[in-house]
Amino acid sequence: MALTVLHRKLFRDLWRIRAQALAISAVVALGVMVQVMMAGLTDTLTVTRDAYFERHRLAQVFEPLTRAPSSMMEQVNAVPGVLAAEGRISGFGRIDADGGEPVQARILSLPGPAGLNGILMTAGRKPIAGRSDEVVLLDTFAAARGIALGDTLGVTVEGRHQKLQVVGFARAPEFLFMPAPGEFFPTDGRFAVIWMERKAAAAVLDLDGAFNEVLALTTRERPRKAVLADLDRLMAPYGGGAGYVQDQQTSARFIEEELKGLRQSRVFLPPIFLAVAAFLLNVTITRIVQAERREIGLMKAFGHSGAEIAGHYLEMALMIAFAGALLGSALGVMLGRSITGLYMEFYKFPYLVFSMHPGPFAGGLAFSLLAAALGAAIALRTVFRLTPAEAMRPPAPPDFTHGRVGFLATVTKVFDQPGRMILRQITRQPVRSLGTVAGVAAGLALNMAMLMIYSGFDHTMDVTFGFADRSDATVSFIHPVSRDVTHEIAHLPGVLEAEPTRYVPVLFRNGVITHRGELTGLSEDAQLNRALRPDLEPIALPAQGVVISRGLADVLKLQPGENLTAEVTEGRKRTLSLPVAAISDTLLGAPAYMRLDSLTRAVGEADRITSVSIRTEGAPSPELLHELRERPKVAGVSIKSDSLAAFREIADEGAGQMRFVFGAIAFVLSFGIVYNAARNAFAERAHELASLRVLGFTRGEVTLILAGEITVLVACALPVGIWFGWTLAKLIARVFSNELYRVSVSFDLPSIAMAVLVVVSATLASILMLRRALDRLNMISALKARD
Amino acid sequence: MQPAFRTEALSKTYGEGPAAVHALREVTLEIPRSEVVVLLGPSGSGKSTFLNIIGGLDRPSSGQAWFGDQNLTEMSDRALTQYRRSHVGFVFQFYNLMPSLTARENVDLVTEISHDPMDAGEALRLVGLEERLDHFPAQMSGGEQQRVAIARAIAKRPAVLFCDEPTGALDSTTGRRVLQVLNDVNRELGTTVLIVTHAAATAAMAHRVLHFTDGQLRETIVNETRADPAEIEW
């Protein structure tokens, strides 16, 4: 098909305004990029997770118990809705690495014939039948600790030391996101899983001919919760009765929470960019149509219809949007892959099912073209209205009489003539000025909100580990021990302070809402572990009742003064009714604090504790760790600085990349808007500016007049953007907060300063580019042109 | 008395090689102070190019131009800006007013950056617009807009007033009014006024008429008697 003359004009016009077109395309590209990236990320994570869970048959119902004879499995399999079931052996042991701190390890029997909670061997082999000393180790732990195939591990189980040989490494969907017991964040070197032959596991955990956890897959016909209720009833005599479904499993729940947040940002982010792009196209096309009045008149005089001519300009807008959408799709795929990679690493997915539906591309393209068409259509109304004769006459000078009366007239009196020109130019087209302000503010807000979220993360770490938990290490025990152990530990070398803690696993209930968690018992005068008020002052624990964290209060919809029901899931399984005394501002996890004495009384046990927090002189010494290793009841020691540093490393890598991405997005967005506004102002007023040069204004003075308009608009956008960003940050914090982790945001000045800096540098960059255009401005030809 | 302007072999060529356009060819002349000088000639004769160069808007390809004893051709960009700012006023065919400023403010635009300007009201009174001080360009006729442009040009008390087709966009009655104003400025303030025009009849009001053809100065006529602008017919 031969190119029509109008098409040739179109391509030449696009080339002429290429810098502006590129800036608008970039904004469109950002919207599509975010859309495609988020879609790719959520789709890939979802599909990979589903595939991983399904291939390795992650149980849909978990029923932990104390001990049940193997023969009970027959009855388990007979429960309606159970598709496949397995009774496994599960317990804890302790890995004693030479010189290092003891690490608590999960000990599991290898998957049985039904293959539930399967594992993925990443190296080596499974133990040979009958070899009770051969084990498979979680590969991420092995890598972090430098353990090789064939190495021997010293493991203490139920007080007995064992030598176990590592013959294979594996991963499992059950442990995608697993903090070590008593810790908040998963760190590779702090969480271990040892899989053993069933007989070997039964032998070390004293469970011969028995099992202590039921895993089940269910049929589609029966709801999981119903199956769970039956299993709870069936297993109650064997210490069961507190089972849970897959959604409540730590690993599965954390991923689902993350996906929920991603899906929400996928909905609200892209429209911001497309709205800005529509606005920019509207302003630019309006300006071009104004400048080409004469050409439009000519084309009409030659017999082109209004629709044909409008179509010509519409095509221009669509081509700019199309180019942006293509670029955005490509960038979105690239960025999506790279960020997906980060997620994969964080969640320890062994493989990646990269998934990219055509939907997001088609949607991104359709929405950007629609936005462009909408932006252009409003501008093109004038094309239909112009008659040829009218078009070929120069337009009357723009009317500025609005500035003669009222408030504006008073304000403008204060300024010199250039100041008045700037002010009147801004107020003459309020919609355009407001659009520029809103667009710049949106870019600023987006960046600022993200920066605030990231610094909120730092804040969470500071509050949690600087104020709430001030211990240097935590010694945990496999089974509850006497409170007197606290004194024993307090006298170990290098220990300055020691405080007992008791964790009691419970099912919290408020009406129909339930939540699996634990009650935390602290001593009356606890200093190392505290519940905090929002001003970071400690809350004194009441003699009766419970202090619950904000996260738990939100989940259970509880207020101070109301009663919290806690069904203990171990020991005598009592049901407690506890008055909520206060709500603490805890940012990590969703604890419920009680006084240790009232907690042990409530559960009907003697003064027994599950861990001791200690403060040490410097880092815990090798002598101290040696002493702790000598105590068989110690399950593990977590050293705060180590686990914190390890987690920070992973988090910073992700946050660093996202900070950069959002910084770049904010820069492009601000630059796109500011440059377009300045460029349009320049084009519309080239001859005014040339006149000023002729009248003896220097280049600097003329630049200031042109830059003044945009500077005033950006200055107006700053407070609006800061306010909007603060609101947005709070909104995002709410969306991403859950009972595992509360995103806290504060009015963080460095974040604001950084976001403002990005906008200001984008503004300066566009002013500098404009200055170059001004330097090339030809005074004579500009003056010969008509108004 | 030293002339207002003096040029020596002033030339301007656009482009190179066979495509080169010789807009001005070796023009040598003197323009005395306080005269009304009309530059006549058809389109492309070089009159506007000549005006642009001595007005400090453009640079010659070769030759020299002096304003008094200042060599314009050796001035830096900054010095040319300063020259336009201090000594020269411009009036154009299409007025070139700032639409966002009122008549008075358009004049103040210049007085704010001048050393010894006249009051904006005074300048507008000189062009007969004392009633229209606070009107925006959009509220004025073409002739009125052009008179604001003249007021703006003379408010800084320039030594020279350059007018490029000042009546080109106006009807004859309005045009005569504008020429009358230019004549008054010359008479009352002693400003040298250079008018570039197509309209040969305008020559009658000049002290001196310069005829340009093909980039060359063909003829200089000194009028013994000058016509009143009100009597000019075109």
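Trainee: Is the crossing of α2(A) and α11(A) left-handed or right-handed?
Mentor: Helices are DSSP runs (H or I, at least four residues; strands are E, at least two), numbered from the N terminus. A crossing is left-handed if the near helix is turned anticlockwise from the far one by less than a right angle, and right-handed if clockwise. The crossing of α2(A) and α11(A) is right-handed.

Trainee: What kind of model is this?
Mentor: Residues are numbered from 1 along each chain as its sequence is written; chains are lettered from A and ligands numbered from 1 in the order in which they are written. Side-chain values use heavy atoms, with hydrogens and water left out; local features need pLDDT of at least 70, side-chain atom pairs count only at pLDDT 80 or more, and totals for chains, interfaces and linings use all residues, in what is a predicted model.

Trainee: How is α2(A) oriented to α11(A)?
Mentor: Helix α2 (residues 18-55) and helix α11 (residues 358-385) of chain A have axes that come within 9 Å and cross at roughly 160°. Axes are lines fitted to C-alpha atoms, for helices over the stretch in contact; angles run from 0 to 180 degrees between N-to-C directions. Angles under 35 degrees count as roughly parallel, over 145 as roughly antiparallel, 65 to 115 as roughly perpendicular, the rest as oblique. So α2(A) and α11(A) are roughly antiparallel.

Trainee: And how do α8(A) and α11(A) lie to each other?
Mentor: The axes of helix α8 (residues 270-291) of chain A and α11(A) come within 8 Å and cross at roughly 30°. The crossing is right-handed. The two helices, α8(A) and α11(A), are therefore roughly parallel.

Trainee: Is A:M334 buried or exposed?
Mentor: A:M334 sits in helix α10 (residues 306-347) of chain A. Buried means under 20% relative accessible area, exposed over 50%, partly exposed in between (1.4 Å probe, protein chains only). At 54% relative accessibility, A:M334 is exposed.

Trainee: How much of chain A is made up of buried residues?
Mentor: Chain A holds 24 helices and 20 strands. Its C-alpha atoms fill a box of roughly 100 × 60 × 50 Å along the principal axes. Of the 787 residues in chain A, the buried share is 56%.

Trainee: What is phi of A:L536?
Mentor: A:L536 lies in the loop between β14 (513-522) and β15 (546-549) of chain A. It is partly exposed, with a relative accessible area of 23%. Most residues other than glycine have a negative phi. For A:L536, phi is positive, near 70°.

Trainee: What is phi of B:R157?
Mentor: B:R157 is in the loop between α5 (142-154) and β7 (160-164) of chain B. With a relative accessible area of 43%, B:R157 is partly exposed. Its phi is positive too, near 50°.
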